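The sequence and the model are shown first.

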Amino acid sequence: MDVPLWLALIVVGGLGIKLIRPPWWLVAVILLGGYLLADSVMAPLIDHTITK
């Protein structure tokens, strides 16, 4: 199943806000950081670590 990255980020952010109730700025920083990291040179290393 192929899920677009933006949809996964919205779902994870929504669940995080509902369950943990963090400040909005922290949610925005984590989501933006994850999005930028997914498009960086570190992405293959992270992918290999997760799927190993």
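## Basis and overall fold

Helices (H or I, at least four residues) and strands (E, at least two) are taken as DSSP runs and numbered from the N terminus. The model is predicted: local features need pLDDT of at least 70, side-chain atom pairs count only at pLDDT 80 or more, and totals for chains, interfaces and linings use all residues. Residues are numbered from 1 along each chain as its sequence is written, and side-chain values use heavy atoms, with hydrogens and water left out.

The chain contains 3 helices and 0 strands, in the order α-α-α along the sequence. Its C-alpha atoms fill a box of roughly 30 × 25 × 20 Å along the principal axes.

## Helix H1 and the residue after it

H1 has 16 residues and reaches 22 Å from first to last C-alpha, close to the expected 22 Å; the expected span is 1.5 Å times one less than the number of residues.

Arg21 follows H1 and belongs to the loop between H1 and helix H2 (24-38). Its phi is positive, near 60°, in a residue other than glycine. Most residues other than glycine have a negative phi. Arg21 is exposed, with a relative accessible area of 66%.

## Surface

Accessible areas come from the Shrake-Rupley method with a 1.4 Å probe, and for residues only the protein chains shown count as cover. Buried means under 20% relative accessible area, exposed over 50%, and partly exposed in between. Of the 52 residues, 6% count as buried. The chain exposes about 4700 Å², of which carbon and sulfur atoms supply 75%.

A nonpolar patch of about 1100 Å² is made by Met1, Val3, Trp6, Leu7, Ile10, Val11, Leu15, Leu19 and Ile20. Patch residues have over 30% relative accessible area and no salt bridge, and nonpolar side chains (Val, Leu, Ile, Met, Phe, Trp, Tyr) are joined within 5 Å. A salt bridge is a side-chain nitrogen of Lys or Arg within 4 Å of a carboxyl oxygen of Asp or Glu. Leu7 lies in H1 (residues 5-20) and is partly exposed, at 33%.

## Largest pocket

The largest pocket has a volume of about 210 Å³. It is lined by Leu9, Gly34, Tyr35, Leu37, Ala38, Ala43, Ile46, Asp47, Ile50 and Thr51. H2 and helix H3 (43-51) are the elements that give two or more residues to this lining, and H3 supplies the largest share, 5 residues.

On a 1 Å grid over the protein atoms alone, a pocket is an open set of points with protein on both sides within 12 Å along at least five of seven lines, and lining residues have an atom within 4 Å of a point. Grid points are joined across faces, edges and corners, and the volume is the space filled by probe spheres set on the points.

Technical notes
Patch = residues over 30% accessible without salt bridge, like charges linked within 9 Å, V, L, I, M, F, W, Y side chains within 5 Å. Buried < 20%, exposed > 50% of the residue type's maximum accessible area, 1.4 Å probe, protein only. 1 Å grid on protein atoms, 1.4 Å probe; cavity = no way out; pocket = protein on both sides within 12 Å on 5 of 7 lines; lining within 4 Å.
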